[in-house]
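Work through the exercises below with the structure in view. Each task is followed by a solution in steps.

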Amino acid sequence: MGRVGVGPMNLKSVILKSLVVVGLFALLVVAVGMSRSKEREEKCKELVCKIADEDERSYVSEQELFTLLKQHNAYPVGEYLHRINLQHMENIIRQHPMVRTAECYTAEDGTARIRITQRVPLLKVVTADEAYYVDTDRRKMPIRASVHDTVPVATGRVGFEMASTVLADFAEWVQEEDYWRQRVRAIDVRSPKQVSIKQKGKHEDLVIGDLAGYEEKMEKAEVFYQRTASMEKPRYRTLDLRYRGQVVAGK
């Protein structure tokens with residue numbers, strides 16, 4: 001069997017293709033190097049802040065976040081882009097008591113950018129010793145004049161453990177129930193087994209005892225109101241929901 005050789009034309013073609021590949025690779029290396037060099041020389045022109053849920057609530061301002069970064073020497077404007085510690089910026093911004101999540105990054109236009117979401121109150125707690133919110137992550141959230149969310153208020157003998165568990169669960173359930181969302185005003189806690197609900201526009205309190213099985217108890221009250229809506233009712237002081245299958249009215 002004869003040997004297959006590479007003719008002069010084929011050899012030239014192979015050499016030409018090799019030169020093209022080497023040239024393209026060299027251009028790529030130069031382009032990457034120039035890009036990195038440009039990045040190392042480019043400084044941050046501006047810090048842009050986006051509050052993702054600002055249409056729903058306004059608990060924190062852009063200026064507050066900028067001030068917080070400056071206090072920790074982490075304000076990026078004027079710094080070389082490659083030297084900006086984005087993780088450090090995020091950690092600082094998350095320290096703000098009204099910030100839930102924070103994301104920091106740099107853009108091709110030479111700006112540094114912040115994107116945050118705010119904490120969402122679920123329950124307000126007012127006791128003889130302190131006042132605070134419990135947010136949707138079941139964390140303590142400070143009272144601020146800018147917080148206008150309408151949430152149930154828990155009063156009486158309320159510790160944070162109770163507020164962040166059973167009371168927060170109840171408050172979340174109330175927010176999801178069309179019937180009760182605009183009716184529940186406050187939760188009065190005399191002890192874990194002596195809980196009553198104060199209503200908006202109603203004289204009587206709903207006595208539910210402990211919070212175990214509150215869905216069934218509140219459903220009884222809803223059915224009672226619906227069935228007696230067209231009836232003339234005496235003025236009650238309480239509606240006791242603790243008894244199975246009964247609503248006991250107290251004057």
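This is a predicted model: local features need pLDDT of at least 70, side-chain atom pairs count only at pLDDT 80 or more; totals for chains, interfaces and linings use all residues.

**Exercise 1.** Find the order of the strands in the open sheet of three strands, and name the edge strands.

Solution. 
- The order in this open sheet is S1-S3-S2, and the pairing is mixed.
- Strand S1 (46-51) and strand S2 (99-106) each pair on one side only, which makes them the edge strands.
- From one strand to the next, the twist averages 20°.

**Exercise 2.** Determine how S2 and S3 run relative to each other, and how many bridges join them.

Solution. 
- Strand S3 covers residues 111-118, and seven bridges join S2 to S3.
- The two strands run antiparallel.
- For a position in this pairing, take Val99: Gln118 in S3 stands opposite Val99.
- In general, strands of a sheet pair through backbone hydrogen bonds, in a parallel or an antiparallel way.

**Exercise 3.** State which strands helix H2 lies across, and at what angle H2 runs to S1.

Solution. 
- Helix H2 is made of residues 62-71 and lies across S1, S2 and S3.
- The angle between H2 and S1 is about 130°.
- Helix H3 (residues 86-93) also packs on the sheet, where H3 touches S1, S2 and S3.
- The direction of H3 makes about 160° with that of S2.

**Exercise 4.** Decide whether H4 and H6 are roughly parallel or oblique to each other.

Solution. 
- Helix H6 spans residues 214-227, and its axis comes within 11 Å of the axis of H4.
- The axes cross at roughly 40°.
- Angles under 35 degrees count as roughly parallel, and 65 to 115 as roughly perpendicular.
- H4 and H6 are therefore oblique to each other.
- The crossing in which H4 passes H6 is right-handed.
- On the H4 side Asp169, Phe170 and Trp173 take part, and they meet Tyr214, Glu215 and Met218 in H6.
- Sorted by class, this contact has four nonpolar residues, two charged ones and no polar ones.

**Exercise 5.** Describe the place of Asp169 and say whether Asp169 is buried, partly exposed or exposed.

Solution. 
- Asp169 sits in helix H4, which runs over residues 160-176.
- The relative accessible area of Asp169 is 35%.
- Buried means under 20% and exposed over 50%.
- Asp169 is therefore partly exposed.
- Not counting residues up to four places away in sequence, Asp169 touches Arg138 and Tyr214.
- Leu211 is 42 residues from Asp169 in sequence, while their C-alpha atoms are 9.7 Å apart in space.

Conventions
Residues are numbered from 1 along each chain as its sequence is written. Side-chain values use heavy atoms; hydrogens and water are left out. Helices (H or I, at least four residues) and strands (E, at least two) are DSSP runs, numbered from the N terminus. Buried means under 20% relative accessible area, exposed over 50%, partly exposed in between (1.4 Å probe, protein chains only). Contact means heavy atoms within 4.5 Å. Two strands pair if DSSP finds at least two bridges between them. Axes are lines fitted to C-alpha atoms, for helices over the stretch in contact, and angles run from 0 to 180 degrees between N-to-C directions. Angles under 35 degrees count as roughly parallel, over 145 as roughly antiparallel, 65 to 115 as roughly perpendicular and the rest as oblique. A crossing is left-handed if the near helix is turned anticlockwise from the far one by less than a right angle, and right-handed if clockwise. Ala, Val, Leu, Ile, Met, Phe, Trp, Tyr, Cys and Pro count as nonpolar, Asp, Glu, Lys and Arg as charged, and the others, Gly among them, as polar.
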